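Subject: Structure handover

Hello,

Here is the structure I promised to pass on. Please open it first, then read the notes below.

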Amino acid sequence: TKVANCIGQHTVTQADIDAGELVNTARASGLPPGSVIAITSQSNTVTIPATVRPELSVKKTATLVDRNGNMLGNPGEVVNYTIVATNTGNVTLPGVVISDPMLTALTCAPSQPVDLAVAALLTCTGSHTITATEASRASLVNTATASTPGTCPTQAALTFGRSNAAICVRSVKADGVATLV
(Lines give C-alpha, C1' and ligand atoms only; values in the text may rest on other atoms or scores of the structure.)
Protein backbone atom coordinates (compact mmCIF):
# COMPACT_ATOMS: atom_id res chain seq x y z
CA THR A 1 0.00 0.00 0.00
CA LYS A 2 1.36 3.38 -0.99
CA VAL A 3 0.10 6.64 0.47
CA ALA A 4 0.32 10.05 -1.16
CA ASN A 5 -0.01 13.09 1.08
CA CYS A 6 -0.96 16.28 -0.66
CA ILE A 7 -1.14 19.77 0.78
CA GLY A 8 -3.09 22.60 -0.77
CA GLN A 9 -3.61 26.22 0.09
CA HIS A 10 -6.52 28.61 -0.45
CA THR A 11 -6.56 32.30 0.32
CA VAL A 12 -9.92 33.26 1.79
CA THR A 13 -11.73 35.74 -0.46
CA GLN A 14 -14.44 38.29 0.20
CA ALA A 15 -16.82 36.01 -1.70
CA ASP A 16 -16.03 33.22 0.81
CA ILE A 17 -16.87 35.50 3.74
CA ASP A 18 -20.01 36.84 2.04
CA ALA A 19 -21.09 33.21 1.47
CA GLY A 20 -20.67 32.57 5.21
CA GLU A 21 -18.40 29.60 4.74
CA LEU A 22 -15.65 27.98 2.74
CA VAL A 23 -16.49 24.57 1.29
CA ASN A 24 -13.63 22.41 0.02
CA THR A 25 -14.02 19.01 -1.60
CA ALA A 26 -11.13 16.65 -2.32
CA ARG A 27 -11.04 13.50 -4.39
CA ALA A 28 -8.15 11.25 -5.46
CA SER A 29 -7.77 9.27 -8.64
CA GLY A 30 -5.08 7.12 -10.10
CA LEU A 31 -4.26 4.63 -12.80
CA PRO A 32 -3.25 1.20 -11.50
CA PRO A 33 -0.17 -0.36 -13.15
CA GLY A 34 -1.08 -2.15 -16.38
CA SER A 35 -4.64 -0.73 -16.42
CA VAL A 36 -6.29 1.82 -18.66
CA ILE A 37 -9.19 2.43 -16.26
CA ALA A 38 -8.65 5.03 -13.57
CA ILE A 39 -9.78 4.47 -10.01
CA THR A 40 -11.42 7.43 -8.23
CA SER A 41 -11.96 7.72 -4.50
CA GLN A 42 -15.07 8.98 -2.78
CA SER A 43 -15.24 12.71 -2.19
CA ASN A 44 -14.32 14.20 1.15
CA THR A 45 -15.81 17.62 1.90
CA VAL A 46 -14.85 20.02 4.66
CA THR A 47 -16.94 23.10 5.49
CA ILE A 48 -15.33 25.93 7.44
CA PRO A 49 -17.71 28.61 8.74
CA ALA A 50 -16.66 32.22 8.19
CA THR A 51 -16.56 34.72 11.02
CA VAL A 52 -19.07 37.33 9.86
CA ARG A 53 -19.06 40.80 11.46
CA PRO A 54 -21.60 43.17 9.88
CA GLU A 55 -20.77 46.69 11.07
CA LEU A 56 -21.75 50.12 9.82
CA SER A 57 -20.55 53.56 10.88
CA VAL A 58 -21.88 56.98 9.96
CA LYS A 59 -20.27 60.39 10.16
CA LYS A 60 -22.14 63.63 9.63
CA THR A 61 -20.71 67.11 9.15
CA ALA A 62 -22.48 70.45 8.96
CA THR A 63 -21.42 73.69 7.28
CA LEU A 64 -23.30 76.95 7.80
CA VAL A 65 -23.67 79.20 4.78
CA ASP A 66 -23.34 82.39 6.84
CA ARG A 67 -24.69 85.04 4.48
CA ASN A 68 -24.37 87.94 6.91
CA GLY A 69 -21.01 86.88 8.40
CA ASN A 70 -22.12 87.02 12.05
CA MET A 71 -21.08 83.37 12.70
CA LEU A 72 -24.64 82.54 13.86
CA GLY A 73 -27.38 80.53 12.24
CA ASN A 74 -30.05 83.06 11.34
CA PRO A 75 -33.54 82.42 9.93
CA GLY A 76 -33.33 81.76 6.20
CA GLU A 77 -29.65 80.75 6.23
CA VAL A 78 -28.74 77.32 4.98
CA VAL A 79 -26.86 74.46 6.63
CA ASN A 80 -25.22 72.02 4.21
CA TYR A 81 -24.79 68.48 5.51
CA THR A 82 -22.54 65.65 4.34
CA ILE A 83 -23.33 62.19 5.66
CA VAL A 84 -20.95 59.30 5.05
CA ALA A 85 -21.82 55.68 5.88
CA THR A 86 -18.91 53.22 5.88
CA ASN A 87 -19.05 49.44 5.95
CA THR A 88 -16.60 48.83 8.82
CA GLY A 89 -17.38 45.13 9.06
CA ASN A 90 -16.03 42.20 7.08
CA VAL A 91 -19.12 41.25 5.03
CA THR A 92 -21.01 43.03 2.24
CA LEU A 93 -24.07 44.81 3.67
CA PRO A 94 -27.25 44.62 1.55
CA GLY A 95 -29.59 47.54 0.89
CA VAL A 96 -27.79 50.25 2.89
CA VAL A 97 -29.67 53.55 3.12
CA ILE A 98 -29.09 56.88 4.85
CA SER A 99 -32.06 58.74 6.24
CA ASP A 100 -32.39 62.09 7.96
CA PRO A 101 -35.71 63.48 9.18
CA MET A 102 -34.51 67.07 8.84
CA LEU A 103 -33.37 66.70 5.24
CA THR A 104 -36.24 66.08 2.86
CA ALA A 105 -34.00 65.48 -0.16
CA LEU A 106 -30.69 63.66 -0.13
CA THR A 107 -28.32 63.33 -3.07
CA CYS A 108 -26.29 60.14 -2.68
CA ALA A 109 -23.39 58.46 -4.43
CA PRO A 110 -23.79 55.69 -5.16
CA SER A 111 -27.58 55.80 -5.38
CA GLN A 112 -29.37 54.22 -2.46
CA PRO A 113 -30.23 51.59 -1.47
CA VAL A 114 -26.82 50.08 -2.18
CA ASP A 115 -25.09 46.82 -1.38
CA LEU A 116 -22.06 48.20 0.46
CA ALA A 117 -18.85 46.19 0.10
CA VAL A 118 -16.33 46.02 2.92
CA ALA A 119 -14.73 49.47 3.49
CA ALA A 120 -16.99 51.03 0.84
CA LEU A 121 -18.70 54.38 1.39
CA LEU A 122 -22.17 55.75 0.78
CA THR A 123 -22.03 59.56 0.75
CA CYS A 124 -25.14 61.73 0.87
CA THR A 125 -25.53 65.49 0.91
CA GLY A 126 -28.49 67.65 1.77
CA SER A 127 -29.37 71.15 2.91
CA HIS A 128 -31.66 72.60 5.56
CA THR A 129 -32.91 76.17 5.82
CA ILE A 130 -32.90 77.44 9.40
CA THR A 131 -36.30 78.45 10.75
CA ALA A 132 -36.97 81.29 13.21
CA THR A 133 -37.71 78.73 15.95
CA GLU A 134 -34.43 76.92 15.29
CA ALA A 135 -32.48 80.22 15.23
CA SER A 136 -33.84 81.13 18.68
CA ARG A 137 -32.24 78.01 20.22
CA ALA A 138 -28.62 77.87 21.34
CA SER A 139 -27.83 75.09 18.88
CA LEU A 140 -29.21 73.04 16.01
CA VAL A 141 -28.86 69.28 16.50
CA ASN A 142 -29.54 66.91 13.64
CA THR A 143 -29.22 63.11 13.55
CA ALA A 144 -28.84 60.95 10.47
CA THR A 145 -29.18 57.18 10.39
CA ALA A 146 -27.47 54.67 8.14
CA SER A 147 -29.01 51.21 8.15
CA THR A 148 -29.37 47.92 6.36
CA PRO A 149 -32.51 45.81 6.66
CA GLY A 150 -30.44 42.64 6.71
CA THR A 151 -31.22 39.45 4.86
CA CYS A 152 -32.67 37.23 7.58
CA PRO A 153 -36.03 35.68 6.63
CA THR A 154 -37.58 35.77 10.11
CA GLN A 155 -37.21 37.70 13.36
CA ALA A 156 -35.88 34.54 15.01
CA ALA A 157 -33.00 34.45 12.54
CA LEU A 158 -31.63 37.90 13.43
CA THR A 159 -28.30 36.43 14.44
CA PHE A 160 -25.42 35.33 12.31
CA GLY A 161 -26.29 32.04 10.73
CA ARG A 162 -27.19 30.28 7.56
CA SER A 163 -30.54 30.25 5.88
CA ASN A 164 -31.25 28.38 2.66
CA ALA A 165 -27.50 28.11 1.94
CA ALA A 166 -27.04 31.88 1.96
CA ILE A 167 -25.49 34.08 4.58
CA CYS A 168 -27.97 35.72 6.90
CA VAL A 169 -26.84 39.20 7.92
CA ARG A 170 -28.77 40.71 10.80
CA SER A 171 -29.95 44.28 10.45
CA VAL A 172 -27.41 46.97 11.31
CA LYS A 173 -27.99 50.61 12.22
CA ALA A 174 -25.68 53.52 13.06
CA ASP A 175 -26.44 57.15 13.94
CA GLY A 176 -24.40 60.27 13.24
CA VAL A 177 -25.06 63.62 14.90
CA ALA A 178 -24.04 67.07 13.70
CA THR A 179 -24.43 70.02 16.07
CA LEU A 180 -24.29 73.60 14.90
CA VAL A 181 -23.49 75.89 17.83
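A residue counts as exposed when its relative accessible area is over 50%, and as buried when that area is under 20%. C6 has a relative accessible area of 74%, so C6 is exposed. Keep those cut-offs in mind, as they return below. One caution before the rest: this is a predicted model.

**The chain as a whole**

The chain has 181 residues, and 29% of them are buried. It holds two helices and 14 strands. Its accessible surface is about 11300 Å². Carbon and sulfur atoms account for 56% of that surface. Take the contacts between residues at least 6 apart in sequence: 62% of them join residues at least 24 apart.

**The sheet**

Look next at an open sheet of four strands. The order is β5-β6-β10-β8, with antiparallel pairing. Strands β5 (56-65) and β8 are at the edges. Each has a single partner strand, so one side of each has no neighbour in the sheet. From one strand to the next, the twist averages 15°.

In general, the strands of a sheet pair through backbone hydrogen bonds, in a parallel or an antiparallel way. Here, β6 (residues 78-87) pairs with β10 over nine bridges, in the antiparallel sense.

**The disulfide**

How many disulfides does a search of the whole structure find? It finds one. The partners are C108 and C124, with their sulfur atoms 2.0 Å apart. The pair links distant parts of the chain. C108 sits in strand β8 (residues 107-109) and C124 in strand β10 (residues 121-129), 16 residues apart.

Why is this disulfide called right-handed? The torsion about the S-S bond of C108 and C124 is about 110°, and therefore the disulfide is right-handed.

Both ends are under the cut-off for burial. C124 has a relative accessible area of 0%, so C124 is buried. C108 is buried too, because its relative accessible area is 17%.

Setting aside neighbours within four places in sequence, C108 is in contact with L122, T123 and C124. G126 is 18 residues from C108 in sequence, and their C-alpha atoms are 9.0 Å apart.

**The salt bridges**

Side chains of opposite charge can pair when their charged atoms come close. The structure has two salt bridges.

One joins the side chains of K60 and D100, at 2.3 Å from N to O. K60 lies in strand β5, while D100 lies in the loop between β7 (93-99) and β8, so the pair ties together parts that are 40 residues apart in sequence. Are K60 and D100 buried or exposed? Both are buried.

The other joins the side chains of R53 and E55, at 3.7 Å from N to O. R53 is partly exposed, with a relative accessible area of 40%. E55 is partly exposed as well, at 34%.

Most residues other than glycine have a negative phi, and most peptide bonds are trans.

Which peptide bonds are cis? One runs from A109 to P110, with omega near -5°. Another joins Q112 and P113, with omega about 0°. P110 is in the loop between β8 and β9 (114-116). P113 is in the loop between β8 and β9 too.

Now for phi. M71 is not a glycine, yet its phi is positive, near 65°. M71 is in the loop between β5 and β6. Its relative accessible area is 67%, so M71 is exposed. A119 also has a positive phi, about 70°, without being a glycine. A119 lies in the loop between β9 and β10. At a relative accessible area of 55%, A119 is exposed.

**Where to start**

Finish in the loop between β8 and β9, where P110 and P113 are found.

Best wishes

How values were computed
Residues numbered from 1 in each chain as written. Predicted model: local features only at pLDDT ≥ 70, side-chain atom pairs only at ≥ 80, totals over all residues. Heavy atoms only, no water. Disulfide = S-S within 2.5 Å. Buried < 20%, exposed > 50% of the residue type's maximum accessible area, 1.4 Å probe, protein only. Pairing = 2+ DSSP bridges. Axes fitted to C-alpha atoms, helices over the stretch in contact; angles between N-to-C directions. Salt bridge = Lys/Arg side-chain N within 4 Å of Asp/Glu carboxyl O. Contact = heavy atoms within 4.5 Å. Areas by Shrake-Rupley, 256 points an atom, 1.4 Å probe, with all protein chains shown as cover.
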